[in-house]
Amino acid sequence: MSSNKLVWDIELIKRYEGAGPRYTSYPTAVQFHELFSIDEYRQAARESVTKNTPLSLYFHLPFCTHVCYYCGCNKVITKDRSKALPYLELLHREIEMQAELFSTEQRVEQLHWGGGTPTFLSIEQMQALMKKTRQHFNLVDETEGDFSIEIDPREADWATMNALREMGFNRCSLGVQDLDPKVQKAVNREQSEADTMAIIDAARTLQFQSINIDLIYGLPFQSEASFMTTLERVIEIAPDRLSVFNYAHLPERFMPQRRINAEDLPSSAEKLAIMQSTTERLLDAGYVYIGMDHFARPDDELAIAQESGALHRNFQGYTTHAHCDLVGMGVSSISQVNGAYSQNHADIKMYMNRIENHQFAIKRGLVMNKDDFIRQAVISQLICHFELDFAAVEQRWDINFKNYFAAELDQLKPMAEDGLITLDEQGIEVTGRGRLLIRNICMQFDHYLGQESNKGRFSKVI
């Protein structure tokens, strides 16, 4: 494992600045197509059952009472709580339909509720959804499994947290973004520190195993100094994990972002300064840089998995459950089952219509070929562990690495000359300079990049 020490080289960062995938999957979702069939998904599920592969379940709950202007998620904004009822009825039906394809012998080791704001639902609705899930899937005991939920502290209280803990949730992720009231007002996310601390206190008292806090840099009125004020307070709070995301201003794609005045956004130079100071301060505070905006305490499962070589990356981000097939339910959710990717309709009316008619709501997908599997393994190893052993790839996939990736190795030579990687006969090691540019390094192994369909589809790498 290469050193965790990051080296900031602004000239290199500027030279490699550009757009690229985040590699929560390979091939990326951009490659999914509508020729993918339900029969292909059924076949993948049958093979999953035959192998008795453990499962990870994801539920997309899209409802929010307020729109956060920076948000690019698939969501429904409403203050009418009854709007969730028809959706939940159909989500229960989708649980039944999906469960029929799998076996109760397959253990569910991971479960995640995302959104939207899952705690938009009432406690009774959440309890009913979890009960339905347990009726149809074999969830392991909470001492063995990772059961996580995204929480908006404005939409939860001690009673909510207690109910979630009783349902089996043992991990939570809190959206904070920034503690500065001026920034919060500019993005319509006014959330007091007291609101946030109440949920964190509840989670700790109720013995949630892990607490994650999400921050975003690049929002209106942020500066290096103002963001450091937020960060110091967050370090005092001492979450187990931290996600520090770069705000991508894409008003042409996400309508709520049109309410953000571009003139109020920090400059590229200021954003880089925020990122550098944030990264250096978190490392000084004892956090481990996992990669791709993520930090964790040294005793956290993610840091331990990275150290032992067991870390994985999927649509839920970094995870320790590489061996699980992922089954996504709800509007726009993505599944990854035995080498087949599939995504439900992103349009909620289309999603509900399909489930109402007892049809799977799958809109598009992709069946991986052998080349996809090989490149997925290479990219995953680099993005999770910052190193690659050619012999291990050759043994696993029965290829000659240097012949198979001759063009890619040539493309990597300038990166080696720039000090992003060390490249020798045995493999690749990402240096302290290269860790922040890991997406650029992985992009060299992406067979699909450069195709016309990819243009304008990815965020900036830094």
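Select Leu242 and Phe295: leucine 242 stands opposite phenylalanine 295 in strand S11. S11 covers residues 294–296 and runs antiparallel to strand S9, joined to S9 by three bridges. Two strands pair if DSSP finds at least two bridges between them. Helices (H or I, at least four residues) and strands (E, at least two) are DSSP runs, numbered from the N terminus.

The model is predicted: local features need pLDDT of at least 70 and side-chain atom pairs count only at pLDDT 80 or more, while totals for chains, interfaces and linings use all residues. Residues are numbered from 1 along each chain as its sequence is written, and side-chain values use heavy atoms, with hydrogens and water left out.

Next, select S8 (residues 210–217) with S9 (residues 241–246): these strands pair in the parallel sense over six bridges. The chain passes from S8 through helix H8 (residues 224–237) to S9, a right-handed β-α-β crossover (with the strands pointing away from the viewer, the path from the first strand over the helix to the second runs clockwise).

Move to alanine 44, in helix H2 (residues 38–51). Is alanine 44 buried or exposed? Alanine 44 counts as buried because its relative accessibility is 4% (buried means under 20% relative accessible area, exposed over 50%, partly exposed in between, with a 1.4 Å probe and protein chains only). Leaving aside neighbours within four places in sequence, alanine 44 is in contact with Val337, Asn338 and Ala340 (contact means heavy atoms within 4.5 Å).

On a 1 Å grid over the protein atoms alone, a cavity is a set of points where a 1.4 Å probe fits but cannot get out, and a pocket is an open set with protein on both sides within 12 Å along at least five of seven lines; lining residues have an atom within 4 Å of a point. Grid points are joined across faces, edges and corners, and a volume is the space filled by probe spheres set on the points.

Select His312, Ala322, Gln376, Ala377 and Arg396, the closest to the centre of the second largest pocket among its 30 lining residues. This pocket holds about 800 Å³ of space. Helix H12 gives the most to the pocket lining, with six residues.

Finish at the second largest cavity, with a volume of about 100 Å³. Of its 13 lining residues, Tyr23, Tyr26, Arg313, Gln376 and Ser380 lie nearest the centre. H12 gives the most to this cavity lining, with four residues.
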